[in-house]
Amino acid sequence: MPFMFENLKVYQKAVAFADEISSLTEGFSKGNYYLTDQLNRAALSIAANIAEGNGRYGKADRKNFFRISRGSAFECIPILELCKRKKLIGEEKHKALKENLDETCKMLSGLINY
């Protein structure tokens, strides 16, 4: 039986994003490890904080974790920009990932305001 939060579209989207980032960064050169590590941590943090927030009893505590999750999504933006500038990802991939994050942030805002 799944945990309730696993049914949330935003959680599923966040896990898919973290998986996509993990696959994408496997091809980055070792000299860019700092980008690989930080981007993977931020991407995973989105889903992890949604899960952790749903494990909390108090509404304010849950909202705090959803805010942290949203912050992690925002953290990905400058890292992706640097990846684009270093030509680790192309313009189209950069745009698609940012659009994905934008949609995720809107969904997280809905959770925060719910």
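**Entry 1: helix α1 against helix α4**

I began with a crossing: α1 passes α4 in a left-handed manner, meaning that the near helix is turned anticlockwise from the far one by less than a right angle (clockwise would be right-handed). This is a predicted model, so I kept in mind that local features need pLDDT of at least 70, side-chain atom pairs count only at pLDDT 80 or more, and totals for chains, interfaces and linings use all residues. Residues are numbered from 1 along each chain as its sequence is written, and side-chain values use heavy atoms, with hydrogens and water left out.

I looked up the geometry next: α1 (residues 9–25) and α4 (residues 91–113) pack at an angle of about 155°, with their axes 10 Å apart. The axes are lines fitted to C-alpha atoms over the stretch in contact, and angles run from 0 to 180 degrees between N-to-C directions. Helices here are DSSP runs (H or I, at least four residues), numbered from the N terminus. The two helices are therefore roughly antiparallel to each other (over 145 degrees).

For contacts (heavy atoms within 4.5 Å), I noted K9, V10, K13, F17, E20, I21 and L24 in α1 meeting K93, L97, N100, L101, E103, T104, M107, L108 and L111 in α4. The residues of this contact divide into nine nonpolar, two polar and five charged. Ala, Val, Leu, Ile, Met, Phe, Trp, Tyr, Cys and Pro count as nonpolar, Asp, Glu, Lys and Arg as charged, and the others, Gly among them, as polar.

**Entry 2: helix α1 against helix α2**

I then turned to α2 (residues 33–54), whose axis comes within 9 Å of that of α1 and crosses at roughly 165°. These two are therefore roughly antiparallel as well, and their crossing is left-handed. On the α1 side the contact includes V10, Y11, A14 and F17, and on the α2 side L39, A43, I46 and I50 are among the residues.

**Entry 3: aromatic rings**

My search of the whole structure finds two aromatic pairs (Phe, Tyr or Trp ring centres within 6.5 Å; planes under 30 degrees apart are stacked, over 60 edge-to-face, the rest tilted). F3 and F5 are stacked, at 5.8 Å centre to centre and 20° between the planes. F5 and Y11 have ring centres 4.9 Å apart and planes at 80°, so this pair is edge-to-face. F3, F5 and Y11 form one aromatic cluster.

Methods:
Angles under 35 degrees count as roughly parallel, over 145 as roughly antiparallel, 65 to 115 as roughly perpendicular and the rest as oblique. Rings of Phe, Tyr and Trp (its six-membered ring) pair if their centres lie within 6.5 Å; planes under 30 degrees apart count as stacked, over 60 as edge-to-face and the rest as tilted.
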